[in-house]
Amino acid sequence: MTTVRRAVLTLPAAPLGPDNPLPALRAPVGAGAHAVDPRTLAGLPRDMARGIGRDPLRSLLPAPVRDGYGRERATADLDTIVIENDLLRVTVLPGLGGRVHSLHHKPTGRELLYRNPVFQPAAFALNGAWFSGGVEWNIGATGHTTLSCAPLHAAVVRAPDGGPMLRLWEWERLRDLPFQVDLWLPEDSEFLYAGVRIRNPHERTAPVYWWSNIAVPEDRRVLAPADTAWHHGYERGLSRVPVPVTEDGTDRTYPLRSTHAADWFYDLPEGQRRWIAALDADGTGLVQTSTDPLRGRKLFVWGTGRGGRRWQEWLTEPGTPGYAEIQAGLARTQLEHLELAGGAEFSWLEAYGPVAADPVTALGDDWTAARADVERSLSGALPRAAVDAAYTAWREGAADLAPEEVLAAGSGWGALEVLRGGYDLPGTPFPESTLGPEQEPWRELLRTGVLPPPAEGAAPLIAPLVASPWRDMLETAPADPTTEYQLGIAQWHAGDRAQAVRSWERGLKAATTRWPLLYCLAVADREDGHPERAAEHFAEAFADHEAQDAFAGHEAKEGAADREGARAVVAAALGREAFDAFLAVQRPDLARALWHRLPDAARRRGAFRLLEVRLLLAEGRPGEARAVFDAGFEVADLREGAEILGELWDRTTHELLPDAYEFRMRPS
């Protein structure tokens with residue numbers, strides 16, 4: 001019999017730490033790494049070009065930036081949910097995006113996925129914290145979901161065959177859409193089934209992005225039923241190339257034969273069964289297949305260059321094997337978004353399990369024979385018709401069933417949206433009982449038409465909401481500083497920057513705690529090309545926070561440590577922004593003065609050691625900047641594709657960049 005049970009996974013883990021308290025007004029840092037230059041875009045198929053240009057993110061709102069983690073790991077217990085039958089044991093992390101951490105094949109004792117031996121957040125998600133390994137469910141926009149390290153709702157539901165099924169669900173906030181992932185193991189099945197549904201409960205059309213991201217050991221051959229692929233490197237290009245051997249004569253279906261990081265989006269012909277597999281030297285490994293709506297398949301490789309090796313080491317423990325990613329998505333490439341009409345849904349079924357092919361054929365030079373052999377093996381283990389039938393049984397008989405036993409709780413944002421919109425979402429309840437302190441001010445606005453102000457002297461750090469219905473309510477609410485602050489954030493998200501600035505300026509006139517509004521005005525100045533004025537506003541914001549207790553209203557003794565910790569988090573976040581603004585206008589004197597006012601703990605962090613290097617170079621002190629490098633530091637939230645370490649090193653010396661600082665993902 002199949003069972004679903006709670007369990008605990010113990011492994012070295014770095015704590016996530018606090019979220020960044022500043023509203024995420026800017027588009028994701030590093031978004032340009034996934035862009036396509038206009039000349040390339042003009043030469044692409046029209047539907048692909050439209051998908052690439054569809055509704056790019058203006059900001060990360062309303063999601064918070066998650067950058068409070070470090071790189072010191074300690075043994076920790078992570079809550080898991082285990083789905084198990086006689087053939088497979090599946091371990092799921094409901095508190096970390098519903099990630100499938102492990103897919104263990106019991107008859108052979110093999111792990112079918114790349115299973116990370118540590119939990120180490122890194123800045124790969126759209127909003128920061130992400131970790132490698134397993135199977136992750138990416139929804140929202142191009143990149144890793146903002147839910148990468150967030151809890152999902154989880155419950156036991158009846159599977160189509162009457163056994164237990166694990167349902168994961170949440171409200172994705174970037175696109176304002178609910179989704180679910182149903183995981184079950186039919187009795188005596190070697191395949192994990194995943195039924196996925198994304199619903200649009202609104203009247204408007206919504207942009208949709210989905211990629212299931214599967215980490216596998218990199219010493220594999222990756223096969224998919226395609227003769228061509230769209231290659232995307234870190235040069236903002238997108239070109240169609242042959243598979244498996246590219247123009248330079250290299251077989252790119254072996255991850256370890258690529259030097260630099262790259263994406264290969266396989267161009268599966270219409271009518272072709274959707275699948276992708278990763279096989280080891282004896283022809284065995286993992287295969288993922290799906291119903292037809294999940295159209296795309298992809299291979300991502302880190303490459304064998306120094307930068308790729310460093311990133312592999314950065315995301316796990318030194319000395320452990322590396323990984324590659326095989327992925328499956330709704331579009332041909334991850335650069336595209338689809339349109340989902342109001343009241344409609346996307347749904348499909350995926351299956352994950354072992355595959356065994358003839359190693360001589362599957363790993364040989366005859367690509368047609370290799371993929372045909374894998375497809376024959378897949379057909380014997382799990383016929384295409386069986387996948388289609390399982391989808392129909394799930395969608396018609398199980399997808400709408402109510403949860404029977406709640407195993408984990410996600411956020412209260414879905415409950416707030418259901419309360420406001422009155423949505424009927426069978427199968428994925430968002431009960432009012434899940435509402436928490438973050439949602440309470442917005443619930444009050446919904447009930448009374450008034451957004452409650454914070455405690456006297458406290459900052460208006462209410463988690464923002466930016467969808468048009470909430471913006472409409474803010475526009476008719478009494479115009480106090482808190483409301484003007486939140487209204488400006490919603491207007492900024494909608495693209496009405498001029499009106500956002502006016503709202504923040506109105507709020508500033510009556511505000512006693514001014515730094516949140518000053519921060520927003522500083523970002524607006526910077527984005528609108530006024531760096532000097534931005535620096536002034538950042539300086540004012542830091543000084544205002546420094547001058548007052550921004551978290552007053554707490555009891556004098558109880559919570560004092562938490563209050564001081566929160567003040568330090570704000571000081572570090574504001575200081576980092578102000579520091580950058582001062583250097584942008586070539587005012588190292590102001591940056592140096594700010595440096596001495598930062599909390600000691602902040603100055604010791606790697607991100608601020610990097611700022612110190614920039615400051616020393618701006619002051620004309622390259623020798624001292626080199627000494628900071630020599631002393632060693634790690635920037636915990638270094639972004640994917642970042643080249644700043646190499647650029648600064650080259651300004652201090654002509655020596656080779658040490659491996660510890662080599663994160664460049666493209667040719668020098």
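Me: In this predicted model, how does H8 pass H9, in a left-handed or a right-handed crossing?
Reply: The model is predicted. H8 is helix 440-448, and H9 covers residues 468-476. The crossing in which H8 passes H9 is left-handed.

Me: How are H8 and H9 oriented to each other, roughly parallel or roughly perpendicular?
Reply: The axes of H8 and H9 lie 11 Å apart. Their packing angle is about 65°. Angles of 65 to 115 degrees count as roughly perpendicular. H8 is therefore, relative to H9, roughly perpendicular.

Me: Into which classes do the residues of the contact of H8 with H9 divide?
Reply: H8 brings Trp 442, Leu 445 and Leu 446. From H9 they meet Trp 470, Met 473 and Leu 474. No polar and no charged residues take part, which leaves 6 nonpolar.

Me: How are H10 and H11 oriented, roughly parallel or roughly antiparallel?
Reply: H10 spans residues 481-493 and H11 residues 497-510. Their axes come within 8 Å and cross at roughly 165°. Angles over 145 degrees count as roughly antiparallel. The two helices are therefore roughly antiparallel.

Me: How many residues of the contact of H10 with H11 are nonpolar?
Reply: H10 passes H11 in a left-handed crossing. The H10 side of the contact includes Pro 481, Tyr 485, Leu 487 and Trp 492. The H11 side includes Arg 497, Trp 504, Arg 506 and Ala 510. Beside 3 charged and 5 polar residues, the nonpolar count is 8.

Me: What is the orientation of H12 and H13?
Reply: H12 (515-527) and H13 (531-547) have axes 8 Å apart. They pack at about 165°. That angle is over the 145 degrees cut-off. H12 and H13 are therefore roughly antiparallel.

Me: How many charged residues are in the contact of H12 with H13?
Reply: H12 passes H13 in a left-handed crossing. Among the H12 residues in contact are Trp 515, Asp 525 and Arg 526. They belong to a set that meets H13 residues including Arg 533, Glu 540 and Asp 544. The contact has 9 nonpolar and 2 polar residues, and its charged residues number 5.

Me: Which strands stand at the edges of the open sheet?
Reply: The sheet has 9 strands, ordered S15-S19-S20-S24-S12-S11-S10-S9-S25, with antiparallel pairing. From strand to strand the twist averages 20°. Each edge strand has a single partner, so one of its sides has no neighbour in the sheet. The edge strands are S15 (221-223) and S25 (405-408).

Me: In S20, which residue is the bridge partner of Leu 279?
Reply: S19 (274-279) and S20 (284-290) run antiparallel. They are joined by 6 bridges. In S20, Leu 279 finds its bridge partner in Gly 285.

Me: At what angle does H6 run to S24?
Reply: H6 covers residues 384-397. It lies across S10, S11, S12, S20 and S24. Its angle to S24 (345-356) is about 135°.

Me: What kind of aromatic pair do Trp 171 and Phe 430 form?
Reply: The structure holds 26 aromatic pairs, one of them Trp 171 with Phe 430. Planes over 60 degrees apart count as edge-to-face.

Me: How many residues apart are Trp 171 and Phe 430?
Reply: Trp 171 sits in S10. Phe 430 lies in the loop between H7 (413-421) and H8. The pair links distant parts of the chain, with a separation in residues of 259.

Technical notes
Residues numbered from 1 in each chain as written. Predicted model: local features only at pLDDT ≥ 70, side-chain atom pairs only at ≥ 80, totals over all residues. Heavy atoms only, no water. Axes fitted to C-alpha atoms, helices over the stretch in contact; angles between N-to-C directions. Helix = DSSP H or I, 4+ residues; strand = E, 2+ residues; numbered from the N terminus. Parallel < 35°, antiparallel > 145°, perpendicular 65-115°, else oblique. Left-handed = near helix turned anticlockwise from the far one by under 90°. Contact = heavy atoms within 4.5 Å. Nonpolar A, V, L, I, M, F, W, Y, C, P; charged D, E, K, R; others polar. Pairing = 2+ DSSP bridges. Phe/Tyr/Trp six-rings, centres within 6.5 Å; stacked < 30°, edge-to-face > 60°.
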